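Here are my notes on the model, point by point. Please read them with the structure open.

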Amino acid sequence: MNFHDTSSVPTQSGISQWPDTDALYPRFEALVKQPLRPIRRAAMTDVLNYFEQRCQGSARLAEQAKAVIPGGVQHNLAFNYPFPLAIKEARGAHMTDVDGNRYIDFLQAGGPTLLGSNHPVVLERVKGLLDECGPTTGLLHEYEVKLAELVCQVMPGVDMLRMMGSGTEAVMGAIRLARAYSGKKRVIKIGGGYHGWSDQMVYGMRLPKTGRMEAIGIPRGATAATQESLPNDLEAIRRKLKWNRLRGGTAAVIVEPFGPESGTRPVTRHFNAALRKLCDEFDTLLIFDEVVTGFRAGMGGAQGYFGVTPDLTVLGKCLTGGYPMAGAIGGRRDIMMMLVGGIGTTTKRAFVGGTLTANPLSCAAGYFALQEMQRTDAAFKAGQAGDRMRKGLEQIIERLGLPYVAYNMGSIVHLQTSGVMLLDTSSLLKLARVKNEAKERKHMMEEMGAAYTAHGVITLAGSRIYTSLADPDEVIDDALNRFEDVLKLV
């Protein structure tokens, strides 16, 4: 079977137009150079009153959680200011908290629910699977084969697929595989990217050139072979590859193909193609981290959109449409054969595993979610919603004379107000200078997120908006009115 015959797959991209990075970066620079433009203090008091008066059930649960959960929070993407909301129901474009407050959901579980939350078609299929065999067996099930076949069909760089428990595990496995296949140890990541929380990847996270700043509790040896380079700086990457070649070479370059943090620092339109050429020149594997971009950019992922084929692809939460145990490593057949599993295997291999990996529940959820994405052309429609959101935000920002910056890559919409993720940390001296400023800007971002919530809109950390198939024009327009109400408080 030719798994890459995609003639029956919708071809409309999830991204109508790549943002003009030449225009964006000067605007980013202008944003962080001027004084903060936060919500007025009196207005912020009203925002906090919303939580105190309308979210008492969430407040009680948050206090209860603190006794048994560190900080009372499990999820790094949860918005926790002034306290985390406790959600009772999520369906389509909306969430309802335990106090009965309803919100437009642009968090979408951190990105994986491209169909919208709790999609009924997928839900019914999963219920049927649970009735039939339960969530896991530890043995082969038809849906793990069907899911793998479907991913191999739609993603250009995936000849074979090995499923994992999460995006973090998939990154760990992909790096181990790259090292085993190449016989080299060094890995270059594009600084500021988030590739999970494994010891070797808690390095240069969120802010480029910050190295081990977040690596508390991680021995130095764990990151000794991890390097980082600024996004879009191809010459710097070339220099590292040259230097590494003198010391045994580079196993892989790993990149979020939209740019660090889902395009918070967007790459230029041709960056990935140039990176592919560099990796070929230096006999280095190219790893695309498509944990977020897989299927949001279109069924072929970012690799399909850019027309750039990586050697290895990392998938995560996108793979199972919001259901748990979501992760996979995909890639070239000759490389992937080093992930052969099972007892009694004598082939030279890179060892990975997981008891609940490729369980029937997750594989069925993934298979039917991806089928539904194909059938509905979800990436294209969610991308249209993202375009409408971005255009509306730009008009509001211009009308109110604010320095904020809105842009999007299809269904991933960025709204930069405080610019904390855009600070210049390209040297240790610059990092030292902006440390205190970063705290102030982070708090402003928290306040903006709280204000959006108090006005009925849930975002990712107050700066990112994931649209979905469940966001027709009326939902987007409702949200834009709410965003405008918040931005008028500045």
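**Notes on the predicted model**

1. Start with P82. P82 sits in the loop that runs between helix 3 (56-66) and strand 1 (87-91). The model is predicted. The peptide bond joining Y81 and P82 is cis, with omega at about 0°. Please look at this bond in the viewer.

2. Next, the main core. The largest nonpolar core has 108 residues, and M389 and F483 touch the most other members. Helix 14 (residues 428-454) gives this core its largest share, nine residues. Apart from this core lies another, of 36 residues; L129, L315, A358 and Y367 are among them. As a general point, nonpolar side chains in soluble globular proteins tend to be buried together.

3. Helix 13 against helix 15. Helix 13 (residues 378-400) packs on helix 15 (residues 473-487) at an angle of about 25°, and their axes are 10 Å apart. Angles under 35 degrees count as roughly parallel, so helix 13 is roughly parallel to helix 15. The crossing of helix 13 past helix 15 is right-handed.

4. Helix 14 against helix 15. Here the angle is about 130° and the axes are 9 Å apart. That makes helix 14 oblique to helix 15. This crossing is right-handed. The contact of helix 14 with helix 15 has six nonpolar residues, no polar and no charged.

5. Helix 2 against helix 14. Are these two helices parallel or oblique to each other? The axes of helix 2 (residues 41-54) and helix 14 cross at roughly 55° and come within 9 Å. Helix 2 and helix 14 are therefore oblique to each other. Helix 2 passes helix 14 in a left-handed crossing. From helix 2, the contact has R41, M44, V47, Y50 and F51. From helix 14, it has E447, A450, A451, T453 and A454. Seven residues of the contact between helix 2 and helix 14 are nonpolar, one is polar and two are charged.

6. Positive phi values. N232 is a residue other than glycine with a positive phi, near 75°. N232 lies in the loop between strand 6 (226-229) and helix 7 (234-245). N232 counts as partly exposed, at 24% relative accessibility. A358 is a residue other than glycine with a positive phi near 55°. The loop between helix 11 (333-336) and helix 12 (360-376) holds A358. A358 counts as buried, because its relative accessibility is 15% and buried means under 20%. A358 is one of the residues of the 36-residue core.

7. Q303 is in helix 10 (residues 301-306). Is Q303 buried or exposed? Its relative accessibility is 1%, so Q303 counts as buried. Leaving aside neighbours within four places in sequence, Q303 is in contact with M155, P156, G157, V158, F288, E290, V308, P310 and T313. Q303 and N272 are 31 residues apart in sequence, with their C-alpha atoms 8.8 Å apart in space.

8. Last, G183. G183 is in the loop between helix 6 (167-182) and strand 5 (186-190). At 65% relative accessibility, G183 counts as exposed. G183 and P266 are 83 residues apart along the chain, and 32 Å separates their C-alpha atoms.

Terms used
Residues are numbered from 1 along each chain as its sequence is written. This is a predicted model: local features need pLDDT of at least 70, side-chain atom pairs count only at pLDDT 80 or more; totals for chains, interfaces and linings use all residues. Side-chain values use heavy atoms; hydrogens and water are left out. A nonpolar core is a set of buried Ala, Val, Leu, Ile, Met, Phe, Trp, Tyr and Cys residues joined through side-chain atoms within 4.5 Å. Buried means under 20% relative accessible area, exposed over 50%, partly exposed in between (1.4 Å probe, protein chains only). Helices (H or I, at least four residues) and strands (E, at least two) are DSSP runs, numbered from the N terminus. Axes are lines fitted to C-alpha atoms, for helices over the stretch in contact, and angles run from 0 to 180 degrees between N-to-C directions. Angles under 35 degrees count as roughly parallel, over 145 as roughly antiparallel, 65 to 115 as roughly perpendicular and the rest as oblique. A crossing is left-handed if the near helix is turned anticlockwise from the far one by less than a right angle, and right-handed if clockwise. Contact means heavy atoms within 4.5 Å. Ala, Val, Leu, Ile, Met, Phe, Trp, Tyr, Cys and Pro count as nonpolar, Asp, Glu, Lys and Arg as charged, and the others, Gly among them, as polar.
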